[in-house]
Amino acid sequence: MQLTQEWDKTFPRSDKVDHKKVTFKNRYGITLAGDLYLPKNAKGKLAAIAVSGPFGAVKEQSSGLYAQTMAERGFATLAFDPSYTGESGGEPRNVASPDINIEDFSAAVDFLGLQPNVDRERIGILGICGWGGMALGAAAVDKRIKAVAASTMYDMTRVMSKGYDDSMTPEQRQQTLEQLSQQRWTDAEKGTPAYGPVSLELKGGEPQFVVEYAAYYKSKDRGFHPRAINSNAAWTLTTPLSFMNLPILTYVAEISPRPLLIVHGEKAHSRYFSETAYAAAAEPKELMIIPGANHTDLYDRLDVIPFDKLASFFQQHLASA
């Protein structure tokens, strides 16, 4: 695995934080690549947070920004590329799995808990967009995670299996499954998976939220990164298959009694994902709606992302015994 060593993030490097590239394996033997951020001159055992997302992004984008900023607030943080994406391992490239990607969060917890300067009893996770849903799924099943936050969350199993706003009809679902099933024959015959067109190449007439995605991922002033699927590539055509039949938030209530914080923009097209997850979760839980914010404002807008709230949440719930 050849990891880029130069600073190639979409955000400036902080002089308050030490940074290094790291690798670790998940339970399926896939080697994941991450950026470990540590507050400078930190002493003793630190509370730690694993960060990932959005869906189709890399650690040099939103997750790295969140991780570095939270490290400035005193946490050891790890922003990582999920399996099959970015600098992480796994073949074929650019494929996602709700099971493997939830496991990736637990593997990040494994890594953090083995660090000599981390208190393994004080580890939380933070997921952005599609990895917000993965984070809730990971926290439900992995009891080592002591607190979980999700920002501008997507439930990818819900949107793929039911469409936006649950608008997919049974007939459309069957048609989609038929197309995906037939695509398997094509991929099997060729021996390699087919990919869709390059993401977010706007032709005109797209929904406003797609325009907002492009404004982030395609802009070199904001979030463009050559390794990001949403900036420069596409998922395999059959990526939706495992999402179509697997609702990842079935057991979200089992995060309790550990605390849950969900943050979403008031104007985000995706707000209903967070509201539904919040309603299904058990106490202690909190839903924070950011006035006027759209979905991608919570990717990189430092004046919009509630870092004070995120820091106080994790400081409270990952406090020393």
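Rings of Phe, Tyr and Trp, the last taken by its six-membered ring, form a pair if their centres lie within 6.5 Å. By that criterion, this predicted model holds 18 aromatic pairs.

**Aromatic pairs**

- The rings of Y154 and F273 have centres 4.8 Å apart. Their planes meet at 35°, which lies between the limits of 30 degrees for stacked and 60 for edge-to-face, so the pair is classed as tilted.
- This pair joins distant parts of the chain, its two members being 119 residues apart. Y154 belongs to the loop between strand 6 (147-151) and helix 4 (156-162), whereas F273 lies in helix 8 (residues 271-280).
- Y154 has a relative accessibility of 2% and therefore counts as buried. F273 is likewise buried, with a relative accessible area of 2%.
- F313 and F314 form another pair, with ring centres 5.0 Å apart. Because their planes stand at 75°, this pair is edge-to-face.
- F313 is buried at a relative accessible area of 6%, and F314 counts as buried at 0% relative accessibility.
- Ring pairs also connect Y154, Y164, F209, Y213, Y272 and F273 into a cluster. The tilted pair of Y154 and F273 thus has both of its members in this cluster.

**Lysines over aromatic rings**

- K220 is placed over the face of F224, at 5.5 Å from the ring centre.
- K285 has its charged end over the ring of Y278, 4.5 Å from the centre of that ring.

**Helix 1**

- Helix 1 (residues 62-72) has 10 of its 11 residues buried, and it is therefore largely enclosed by the rest of the structure.
- The buried residues of helix 1 are S62, S63, G64, L65, Y66, A67, Q68, T69, M70 and A71.

- Strand 2 (residues 31-39) pairs with strand 4 in the antiparallel sense, over four bridges. Within strand 4, A79 stands opposite D35.
- Strand 3 (residues 46-52) pairs with strand 4 in the parallel sense, also over four bridges. L78 of strand 4 is the bridge partner of A50.
- From strand 3 the chain crosses through helix 1 to strand 4, and this β-α-β crossover is right-handed.

- Where is P291 placed? P291 lies in the loop between strand 8 (285-290) and helix 9 (297-300).

How values were computed:
Residues numbered from 1 in each chain as written. Predicted model: local features only at pLDDT ≥ 70, side-chain atom pairs only at ≥ 80, totals over all residues. Heavy atoms only, no water. Buried < 20%, exposed > 50% of the residue type's maximum accessible area, 1.4 Å probe, protein only. Lys NZ or Arg CZ within 6 Å of the ring centre and 35° of its normal. Pairing = 2+ DSSP bridges. Right-handed = clockwise from strand over helix to strand, strands pointing away.
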